[in-house]
Amino acid sequence: MVTLLTTPADRELVITRTFDAPPARVWEAWTVSEHVREWYGVSGMTTTVVDIDLRPGGAWRWGQTAPDGQEFVFAGEYEDIVPVERLDYTEVFEQMPDGEPVRVTLTFDATPEGGTALTSTSFWPSNEIRDQALAAGMEAGVKEQYDRLAEHLKSM
C-alpha cells in the first residue's frame with residue numbers, strides 16, 4: 001500500500017493510506033495505548049510515551065527517544081470523537097512549545113474490499129511551518145510509521 005502526502009491548499013496537509021483491516025481494528029490500533037506502543041514512530045527510536053485519554057477534552061501524548069537520548073514528543077487534545085469513524089484533535093511538538101497547534105481530522109472509512117481508507121487532514125498555523133516539517137523528513141517518517149501500523153494490524 002502507498003502512503004500519500006499532498007498539500008492541496010494553503011496550510012493544509014493530507015495523508016492517505018489504505019489498510020487491509022476493517023475500520024474497527026484500525027480505530028483500536030490508533031486509540032488503545034497498548035497497540036500504539038507497537039507501531040508508533042520510527043524503528044531507530046524507542047517509543048517511551050503513549051498516553052491516551054480518549055474523550056472530548058481529553059489529552060493525548062505520544063513520544064519516542066533517540067539513541068542519543070533526544071526526545072521527540074507530540075501532544076494535544078481530543079476535540080470531537082465519533083468512534084470508528086473520526087477523530088478531531090490538536091497537535092503540538094513539545095520541543096517547540098510556543099507554536100500554535102496543528103488541527104487534525106482523522107477519518108476511518110470502510111473500503112469495498114473490507115479495508116480502511118485512513119485520511120489525516122491537518123491545518124497548520126502557516127505554510128512555512130508545514131513546509132518546514134515536510135523538509136525535516138516528515139514524509140519518510142509517516143511512511144515508515146504507517147508501514148509499521150500495517151504490520152501491527154496483521155498481528156491483532
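Reply: Beyond its neighbours within four places in sequence, Glu79 is in contact with Pro56, Asp88, Tyr89, Thr90 and Arg103. The model is a predicted one. Of these partners, Arg103 is joined to Glu79 by a polar contact of 2.3 Å between the two side chains. Tyr89 is 10 residues away from Glu79 in sequence, and the C-alpha atoms of the two are 5.1 Å apart in space. Glu79 itself belongs to strand S5. Its relative accessible area is 36%, so Glu79 counts as partly exposed, a class that lies between the limits of 20% and 50%.

Strand S5, which covers residues 71-82, also supplies at least two residues of the lining of the largest pocket. H4 gives the most, with five residues.

The volume of this largest pocket is about 1200 Å³. It is lined by 36 residues, and those closest to its centre are Phe74, Glu91, Phe93, Trp124 and Met138. By residue class, the lining consists of 25 nonpolar, nine polar and two charged residues.

Technical notes:
Residues are numbered from 1 along each chain as its sequence is written. This is a predicted model: local features need pLDDT of at least 70, side-chain atom pairs count only at pLDDT 80 or more; totals for chains, interfaces and linings use all residues. Side-chain values use heavy atoms; hydrogens and water are left out. On a 1 Å grid over the protein atoms alone, a cavity is a set of points where a 1.4 Å probe fits but cannot get out, and a pocket is an open set with protein on both sides within 12 Å along at least five of seven lines; lining residues have an atom within 4 Å of a point. Grid points are joined across faces, edges and corners, and a volume is the space filled by probe spheres set on the points. Helices (H or I, at least four residues) and strands (E, at least two) are DSSP runs, numbered from the N terminus. Ala, Val, Leu, Ile, Met, Phe, Trp, Tyr, Cys and Pro count as nonpolar, Asp, Glu, Lys and Arg as charged, and the others, Gly among them, as polar. Buried means under 20% relative accessible area, exposed over 50%, partly exposed in between (1.4 Å probe, protein chains only). Contact means heavy atoms within 4.5 Å. A polar contact is a pair of N or O atoms within 3.5 Å; within protein, one must be able to donate a hydrogen and the other to accept it, and residues adjacent in sequence count only if both atoms are side-chain atoms.
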